[in-house]
Every structure is written in structure tokens, then in C-alpha cells.
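Open the model in your viewer and keep the selection tool at hand. The stops below are given in the order in which to select them.

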Amino acid sequence: MKQYLTINEWSIIEESFDPQTQEISESVFSIGNGYMGGRANFEEQYSGPSLQGSYMAGVYYPDKTRVGWWKNGYPEYFAKVLNSTNWIGINIGLDGTPLDLANCTVSEFRRVLNMKEGTLSRSFTATTQDGKEVKVESIRIVSMVRQEIGAIRYSLTPLNFAGNITVTPYLDGDIKNKDSNYDEKFWNEVEKKAGPEGGHLTLKTKKLDFHVTSAFVFDILLNGEPVAAEAEVLEQDKYVGSTVNVPVQSGDQLVIYKYAANVTSRNYGLGQLVDAASAALQSAQEAGFVALLTEQATAWGDKWKESDIIIEGDVSAQQAIRFNIFQLNQTYTGEDDRLNIGPKGFTGEKYGGSTYWDTEAYCVPFYLSTADSAIARNLLIYRYKHLEKAKENARKLGYRKGALYPMVTMNGEECHNEWEITFEEIHRNGAIAYAIYNYVNYTGDKAYLGQYGLEVLVEIARFWEERVNYVAHKDKYVMLGVTGPNEYENNVNNNWYTNRMAAWTMEYTLEALAYVQENEGSRYAELADKLELLESETAKWSEIIAKMYYPADEERGIFLQQDGFLDKEIIQVKDVLPENLPLNQKWSWDRILRSCFIKQADVLQGLYFLGDRYDLETKKRNFDFYEPITVHESSLSPCIHSILASELGYKEKAYEMYLRTSRLDLDNYNNDTEDGCHTTSMAGTWMSVVHGFGGLRVLNDRLVLNPSNPGHWTSYSFKIMFRGSRLKVTVTDAQVTVSNETEVPASLTIHGKEYMVNGLGTVSAGGASVTV
Ligand code: BGC
């Protein structure tokens, strides 16, 4: 872990250039707008270690599966988020020598991600090997207002020479995914056109026929005056560009504005792509760079109004939470229900950029509280639309009925291919059911059940029904051969979490069925018919609920992660020599599997989800047993532990886990940020403040807060949207204040007492030091 970024409330700042950390910074400083995004690569050529990455949401490639030993049931392909046309490129030549920071002495380097206004900027002075000194300043946005538009202002000042500067803005589609299974390139060229003022390039994926048209225009000014020089037009395979040669004197300022548009066949007919890109581009260029910056700042201002968290007295924690919120808001904006949230967002390629259970288990709560409920609803509808594929998946694996959602997907089809995860990590079905509950419980939108939710719930309940088996001598239903959330154990029997979520799904499905039957009789009849729902099925679910087997250790008073867990030698992480950590980089897989060490919350994940069903003592006993043997080697782990630690009053632990989740990428805790940021776990960071320190729950249609102060902060505040109101909750040791920023009144419970906050009103209650 190397901390090299400057602590600042609103910005991420890097104050010197180090090729060793360049790829980490490329991830951390990524910018996007939900529709597209990319890593913080340099505009000018850079020949040092770098992952050039530009990504378009929903544009993917089914890369043929590569495994050592094929197992029946494996998917044919792994869906990769596609690294697509590099639209940011502006090559610079200084009297014929390329400006390339890998070959220059670099001073006064500064890179800033301004999270308040959504800009990425960079400045430096570079001295070339032949002694030419230039000062460069660049600022770049991916527009939150015009989703197809990215824009750059790049300025150059020769400091100690007169000569010729060549400027080559370009589009380069000759791009390869870093993780391509067979070292193949995934794009073919369809058409291109380069002109003196810009050009366009259309590429198509070798499979699935996604078309992406990128187009660019540029303006060059010398000391504020447009440069009239003739451009040399460049066309190569999957490449268009224009080179302009500008004679300069020392001290002159050369400014390049580059506007780029990226449109895809996901939104336009093939014949419309070029026109659509040109139209977007023309309107952006006409608006001008300053106007684009202004509207960007306004759009981000609006986002922050809804989702900011303010922490007083701890700038590092403040920066971290804003970084997490910023990344989430630039990864998924929720307008398009075909999209989802890849574990790396637009910051890298690892994990394929597809949908994991991360969305339901971690991201849905963030969007539920910080955006219009339609956005979380879209995430649910995404899974509804994949129901048929989930049923096909279950059939493919030999189930007679029900649906098994994929572990990893782009279009509803499974594309993960490690048997212990693909076939065994079936708890993802539970998280998808839980998200429906979470949404309905939070929003009160019970109509969702009849509209979409019930169908998904019934098919998941059916899957669980078939997946368990009855054991006569125990008079219990068991579930054999699964992998729980803790991926450091595979093929275990009776993973408590999976059994618990399976039974819970059946309970909730029965409750949802009863609700729809009682309140929407004709819809119920329609659904019962469509689903061919049998009474014998619902009766069977009730029986399974009553007789589900839950491994437990009576003596310790804990739930057992799985049947054989206590046969393991129990050693605490504090007793492992630091040189053995992280285990996944230091130990053989064999050794990890046999050890007691836990990758991420497992039993504790269940105690978080179903928190209202377990008392504090139960949570405490389980936390005290499991946390000390957990290595948190999944980014999804610290947040759940932070939330539970807050609830249990373990302030130091809650804070330690908060820092670990919130600064995971900023401080490169897991030594893997160069692959991309851990975007989905960022929603967990938000949860650790709002659900953890803030103690937010929704119980019986009521907002409940139990705020505590982790002890390092003067105060903190967060925003939550709840059933039409937007509330700002501010917590100090002395007081909890809830201000209603809307006209819609809200009733809530704070530290066990009931309050009503009128439209635009404020209530105050006892502070964070109150113990409940
Ligand atoms: C975790 C999974 C998670 C995946 C993607 C893995 O390391 O164990 O729970 O779904 O990463 O974030």
C-alpha cells in the first residue's frame, strides 16, 4: 500500500509523476457518465506502462471460453466489456520529437479529479531529451448532460525554444482488450473519413454486430487566434486523424479544443450513426468548451445535492466518501434499464464489466436512497427481463423448474466459468430476491410485486425447492455442494447464509403472493395462470421453511458457516505473519481452502440482510467469532463488517473497516487498483456511513435512524430520499438534526422516539452519544 494522493475534501490530487503508479492513477482518476467512460490516460502519446481504456456501457464481446478442462454446463463465452475507440488522443510533436512523458524529465506535475464539477485536469512541465521545455495544461470532461460527448482543452507553451509544434488529434480504434482470451482483437472497421477539421470512424464487433461510431472535431488557437494552417489528413486501419503544424515562439500559448462524440447501435439504426454523431458533435462545438464545463458543473451540483455526505473533522474520510459517491454516480445513472453496474465500472476490464450479485446486494441501497426510485426499479427490471434466460440456465443445469440467475452476465446468459462459482455460488439468487424486498420495503411500491416482482420470486423459490433435499434421519432439508459468499471455501454442505436466504426467499414469496391475491385479485389469477402455480408448491415451500437445516454451534452460540467449519483449525488473522497476506497472493489455493480464513462476510452478510430478525447478542457472538478470522480480501467485505460493528457499538472496528472500504482504491489496499476501481463495493462504503454510522433502516414503512459517531468526526451528514421527501441528516455528539429539503413531510424514528419532519421543516433529537 502506497499513499501518494493528496488529501483534499473535493478533489483527488496527484502532485508528482511516477511511472510506477501511473496505472493505479489511470484507474483512480477515471471519468464517465453512465453511458461511457474511460481511464485517465494521457492525451499525448505515452510509451510507459499503461492500460489505454475507453468503454461504452452495454457494448460487450462474447469471448470464447478458455478453461483447462471443459465441464458440461460451462457457458460458451465470457462477456467482456469492450475496450473501444480511443477518442481522447492528441499527439504532440516538438520539432519532430513526440512529447512522451516516458522519455522526458517531468516537473510540476499535477493531476486533479475535481469531483465537485466533474473534470479531470493535468498540468506539468516536460523537458525533452534534447532540452526543449514545454508547459502543458489539460482539462477533460465526459459530459453528464450530453451523454455522447467528451471534450478536452489542451494547452501548450514552449518555455525555452522557438520551432514547430505538430498537433495530431485522432481517433484510434485499433484497440485490444487486455484480458482477451485468445489474444484476439474484437473490432472490425466499417467505415471512416478524415478531414482537415476532424473525422469519424465506425467499428463493429466481430461477434454480435455492435457498431460504434466515434467522431471528432477540433479547434486550434495560437495566443487566442485561430490557427489557419492546412491540416494533413491521416487515415490508417481503424484510425483517423489530422496533423496541424504550428510555428511557435518561446512563450506562445497553443490551445487545442477537441470535441468527440461516441454513438452506438444500441441507440441508433446503423444508417443513423454517423449523422447522430455529427449532430451531437456540432451542437457541442457550437456550445463551446466553457459552456460544456458550466453545464457539467451544474449537473454534478445537482448530483451532489442528492447524494453528498459531509464529514467534518476528518478530511481523509471526507475525500474518500466523496470519491466513492462520485464513482458510483458516473458509473450508473439509471436511465437505461438495459444497463447495469460492472464491478469495475468504466475504470478497467477485470471481471468482464458484467453484472454480479454486487448490484442487488450492495448497489441497490445506494440508488434507493440517493436517486429517484425509478433508478433502483430499473436495476430490478433488468433482472426481470432476464428471467427467461435464468430459467433456461436452470434447465441447462438439469433443473426441472425455477430460475437460476447467472453469477456473471451481460444479457442474462451465464458467462462465468469456474465450476465452484458458476454452479455453486447460487446464493446470488437470494440477493436478487432480497433486492425486490428491499425496493418494496423502502419505497412502499407494493404494486411492483404484481407487475414484475412476483414472477421473479416464484421462479427463484422454485429453484430453491429443487435445490434442497430432504434427509429423513434429520427430518430436515439440506443444501449440499455450494459456495457461499466466502469464496475461500468451495463445495461445502449447508452454507448457513445460502440456506437462510433460500428459506427467506420462500417466506417472502409466500408473503408477496398473499399480498397480490388479497389486493389485486385479477392480477393474481393472471399470474397464477401464467406461472402455472400449484398449491402443492406453496405447501412445499412452507414445509421447507419449517424444516430447513441451519448448522450452528450451541456452545459458542453461533451459526456455522457450513457443516464442517469447526473441523478447521481456528486461527485469528492477527496471528498470521504479515508476509502471508494477502493470502490470495501468497498461499496456494489448496492451503486457502483448508484454512479457516474467510474472504468476505458470509454468516455476517445474512445477519446484515435479515438484521431485524436477530437480536444484538446473536449478532455480537457471530461477529466476535467470524470477524477475527476474516481477511477481507474481497472489496465487498469491510463495509458489511463496518455496518455490523457500528450496530454493536464497536466504534474503533467500525471506523477501521470504514477507512478500509472507503479508501480501498485511493490507498490501493488490495494492491490491485491498477486493474480498475472496485466500483460496486463503493456502494458498500456509502452503506457503511448511512446504514452503519447513521443506523438507517426502514421498518414497517417507517424510516428508522440510530446514529452513532465513529469517534473521529466532529459531525457528519448525509442525504436520503424517502417516499417523496429528501432529508438531510446531520449527526453530532450532542444532536441529530433532520432537515426536510422538500415539501413532502416525513415521519421517522430516531433513537427509538417518533418524529414528524414537516415539509421544509427540521427536527432535532438526542445526539450520537445516546445509547440505544
Ligand atoms: C467476490 C464476489 C464478487 C466479485 C465481483 C469477488 O472477489 O468474492 O462476491 O461478486 O468479486 O465483485
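The model is a predicted one. Begin by selecting serine 688 and the residues around it: leaving out positions up to four places away in sequence, serine 688 touches Cys639, Ser642, Ile643, Tyr658, Thr661 and Phe693. Serine 688 belongs to helix H20, which covers residues 679–693. Is serine 688 buried or exposed? Its relative accessibility is 0%, so serine 688 counts as buried.

**Aspartate 701**

Next, select aspartate 701. This residue sits in the loop that runs between strand S26 (697–699) and strand S27 (702–705). Aspartate 701 has a relative accessible area of 44% and is therefore partly exposed, the band for that class lying between 20% and 50%. Beyond four places in sequence, the contacts of aspartate 701 are Asn441, Phe722 and Arg723. With arginine 723 there is a side-chain to side-chain polar contact of 3.0 Å.

**Glutamate 537**

Move to helix H13 (residues 535–547), where glutamate 537 is found. Glutamate 537 counts as buried because its relative accessibility is 4%, and the limit for buried is under 20%. Which residues does glutamate 537 touch, not counting those up to four places away in sequence? They are Lys401, Arg462, Glu465 and Glu532. Show the side chains of glutamate 537 and arginine 462 to see the polar contact of 2.6 Å between them.

**Asparagine 72**

For a contrast in accessibility, select asparagine 72. The loop between strand S5 (54–64) and strand S6 (77–83) holds this residue. Asparagine 72 has a relative accessible area of 74% and so is exposed.

Nonpolar side chains in soluble globular proteins tend to be buried together. In this model the largest nonpolar core has 244 residues, and those touching the most other members are Ile92, Tyr154, Leu156, Tyr626 and Val738. Helix H11 (residues 496–519) supplies the largest share of this core, with 11 residues. Select leucine 156 and its surroundings: apart from neighbours within four places in sequence, leucine 156 is in contact with Ile92, Leu94, Val134, Lys135, Val136, Ile165, Asp252, Gln253, Leu254 and Ile256.

**The ligand**

Finish at the ligand. Select the surrounding residues, which are Pro343, Tyr351, Tyr356, Trp357, Asp358, Glu487, Lys599, Gln600, Ser634 and Leu636. Sorted by class, this shell has five nonpolar, two polar and three charged residues.

- Tryptophan 357, where the distance to a ligand oxygen is 2.9 Å.
- Aspartate 358, where the distance to a ligand oxygen is 2.5 Å.
- Glutamate 487, where the distance to a ligand oxygen is 3.0 Å.

How much of the ligand's surface does the protein bury? Taken alone the ligand exposes 310 Å², and 93% of that is buried by the protein.

Technical notes. Residues numbered from 1 in each chain as written. Predicted model: local features only at pLDDT ≥ 70, side-chain atom pairs only at ≥ 80, totals over all residues. Heavy atoms only, no water. Near = heavy atom within 4 Å. Polar contact = N/O pair within 3.5 Å; in protein donor to acceptor, adjacent residues only side chain to side chain. Areas by Shrake-Rupley, 256 points an atom, 1.4 Å probe, with all protein chains shown as cover. Nonpolar A, V, L, I, M, F, W, Y, C, P; charged D, E, K, R; others polar. Core = buried A, V, L, I, M, F, W, Y, C linked by side-chain atoms within 4.5 Å. Buried < 20%, exposed > 50% of the residue type's maximum accessible area, 1.4 Å probe, protein only. Helix = DSSP H or I, 4+ residues; strand = E, 2+ residues; numbered from the N terminus. Contact = heavy atoms within 4.5 Å.
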